[in-house]
Amino acid sequence: MAIANGAIRLEHVTKRYAKVVALDDLSLSVEHGVFGFLGPNGAGKTTAVKILLGLTRPTSGSGSLAGAALGSKTSLGRIGYLPELFRYQSWLTAREVLALHCELAAIPRAKWASEIDRILATVGLADRGTSRVGTFSKGMQQRLGLGVALLDDPAVVLLDEPTSALDPVGRHDVREIIRALREKGTIVFLNSHLLSEVEQVCDAVAIVDRGKVVAQGDLATLLGTSSVRVRAAGVSREARAAMAKFGELDDSADGALVIKGIDRERIPELVSAVVASGARVYAVEPQHESLEERFLSLLGQ
Amino acid sequence: MRAVLVVARQVVGEAARRRLLLALVLLTLVVIALTVWGVSRVDDLRNAGQPLSDAQKKTIVSQLLILVMFMFSWVLSLAAVFVASPAISGELESGIALAILARPIARAEYVLGKWVGLIAVVVAYGLAAAVVELVAVQAVSGYQPPHPFEFLGFVLGEGVVILTFSLMLSTRLAGMVGGVIAAILFGIAWMGGIVGGVGAAFNNATVTHVGTATKLILPTDGLWRGAVWSLEPSIVIAAQQAAGPAVAANPFFAAEPPPAAYIAWAAAWIAAMLILAIWSFRSREI
């Protein structure tokens, strides 16, 4: 379902709890793709999601979600949400939890069975549909929560730390699910402090710290220039001089040479120059600044 | 309205799945079996070697029934406190409510659904247990209290009052805190009824007013007095009244039913408490 006027929009939203400022003049707009909302614990990420859902009211500012007012039934009818604190009725089976949400979301009853089957298969719980949630591990409960959020193909999916309880296989599965959602045109709002996770699936990110957005934009722009690591033996002074023409040359602690700010298209040319200078090349590893490095530098640590 | 019923059905389902209803039913059956046994022994009682008169037997059975029903009303009320106090706060603390409230459901529908579901559980249990007890006692002793339907109304009304109050507390307070507050106030209201009776017995206006005030602030004991009245045969009322005004302080005696105005007050109180619960939850940040 295409949503006009911005799928996720917050304008100058401030949220204060007594003396604590949880969000400070937050503005963001997401029209498509996967949006990563990144920040350390306590940065205000969950508060932002709760404001989008109308669970919490902003002290000032406004916004909309899925083309309707924050917290309105229209808006909540078009979204799916996996809370950071995910818990589902332990006395129900996974199928019953999903059926409850089908009913709350007013999905036609005739569609329930097939929709529940599809969801259970998507989140890898196909063989546990009739087990009580009380018997589930935390990871399985989080998978179920993700399933609840995906019911009936919502236009916008808000995932608050969706892999916090998952093992590496589970994390991989969630990344695949998020990629599939993007293919379908679903807008995903991903709250996370796991930088690698965000780096792998997000089209755009905002980095938030102490309630303030410190950087916002598409990942490529935000991550800036790329670099390349070269492992080679017999690097003469002439070889170093040749390499320095491609970018800023630096020695890394493990003995490799790092050329920062190089245009990726010039890497083969660089390799030819190094080989021509008589050095023996063992490895060439193109890199861009990791989100983690960028994140830490933005947070001033 | 659909959402109200969905939430209500979940409450009933949870009570059934968590074996709350089963536990209540089993324990109640034990109590009923004990009462039936006790009532069946009344025939064997002797006074100076002579069997008791029918009037004496009737008095004893009616008093036994009032005592058992008094315990039953406490069980019903405390069960209502236990299930209602964590009904909302527990789901907020655990996170279950987050996924529910992010669906197109109004906060008012959520509170009303909880209320309807809890009432269904408490009323179904209360009704079944009281009816079985009354029928069992009648089958064994032939004794039927004078106003059984009024009794059911009063005792279930008492349960609904304390349930609604506990649910209101649950919109803001942790289950344990709300439960303790509701249980203590329930006890105070009962004491207040006795205090008011003492005031009436000794013609002390101030003390009487304290009793009246507690009856109005939390109308549980006032309704309990109605339940007692509906279980009393006329010979008991006549005998107690002959004993003088001090019986007004007896929590197991009521000379007359609560006035209609008081019943209207209790109904309005429940409605007001429910509205307060909805308002409180709507304005709560989650």
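**Chain B, then chain A**

Author: Chain B has 12 helices and two strands. Keep in mind that this is a predicted model.

Reader: In what order do the elements of chain B run from the N terminus?

Author: They go α-α-β-β-α-α-α-α-α-α-α-α-α-α.

Reader: And the radius of gyration of chain B, how does that sit with the globule rule?

Author: The radius is 21 Å, close to the 19 Å that the rule gives for 286 residues, so chain B is as compact as a globular protein of that length.

Reader: What box do the C-alpha atoms of chain B fill?

Author: Roughly 70 × 45 × 30 Å, along the principal axes.

Reader: How much of chain B is buried?

Author: 43% of its 286 residues.

Reader: What about contacts in chain B, what share comes from residues 24 or more positions apart?

Author: Counting contacts with a separation of 6 or more, 83%.

Reader: Pick a helix. What does α7 of chain B look like?

Author: α7(B) covers residues 148-170, 23 residues in all. From first C-alpha to last it reaches 33 Å, close to the 33 Å expected at 1.5 Å a residue.

Reader: Is α7(B) enclosed or open?

Author: Largely enclosed by the rest of the structure, because 18 of its 23 residues are buried.

Reader: Switching to chain A. What is the strand order in the open sheet of four?

Author: The order is β2-β1-β4-β5 of chain A, with antiparallel pairing. The edges are β2 (20-30) and β5 (68-69), each pairing on one side only.

Reader: How many bridges between β1 and β4 of chain A?

Author: Five, antiparallel, between β1 (residues 8-17) and β4 (residues 60-65).

Reader: What joins β9(A) to β10(A)?

Author: Six bridges, and these two strands run antiparallel. β10(A) spans residues 212-218. A:Ala206 has A:Gln216 in β10(A) as its bridge partner.

Reader: Which residue in that β9(A)-β10(A) hairpin takes a positive phi?

Author: A:Arg210, with phi near 45°. The hairpin has two residues between the strands.

Reader: Domains next. Where is chain A divided?

Author: Domain 1 is 8-219 and domain 2 is 224-298. Their centres are separated by 40 Å, taken over C-alpha atoms.

Reader: How many residues does each domain of chain A put into the contact?

Author: Seven from domain 1 of chain A and four from domain 2 of chain A. On the domain 1 side, α7 (195-201) and β10 of chain A are the elements giving two or more residues. α7(A) has the largest share, three residues. By class, that side has six nonpolar, no polar and one charged.

Reader: Last topic, the two chains. How many residues are in contact?

Author: 24 of chain A with 19 of chain B.

Reader: Which elements of chain A give two or more residues to that side?

Author: α2 (73-76), α3 (94-104) and α5 (138-150) of chain A. The largest share, four residues, comes from α3(A).

Reader: How does the chain A side divide by class?

Author: 14 nonpolar, five polar and five charged.

Notes. Residues are numbered from 1 along each chain as its sequence is written. Chains are lettered from A and ligands numbered from 1 in the order in which they are written. This is a predicted model: local features need pLDDT of at least 70, side-chain atom pairs count only at pLDDT 80 or more; totals for chains, interfaces and linings use all residues. The expected span of a helix is 1.5 Å times one less than its number of residues. A residue is buried if 20 or more other C-beta atoms lie within 10 Å of its own, exposed if 12 or fewer, and partly exposed in between; C-beta atoms are placed from the backbone. Two strands pair if DSSP finds at least two bridges between them. Two residues are in contact if their C-beta atoms, placed from the backbone, lie within 7 Å. Ala, Val, Leu, Ile, Met, Phe, Trp, Tyr, Cys and Pro count as nonpolar, Asp, Glu, Lys and Arg as charged, and the others, Gly among them, as polar. The radius of gyration is taken over C-alpha atoms; the globule rule is 2.2 Å times the number of residues to the power 0.38. Domain bounds come from an automatic or database domain assignment.
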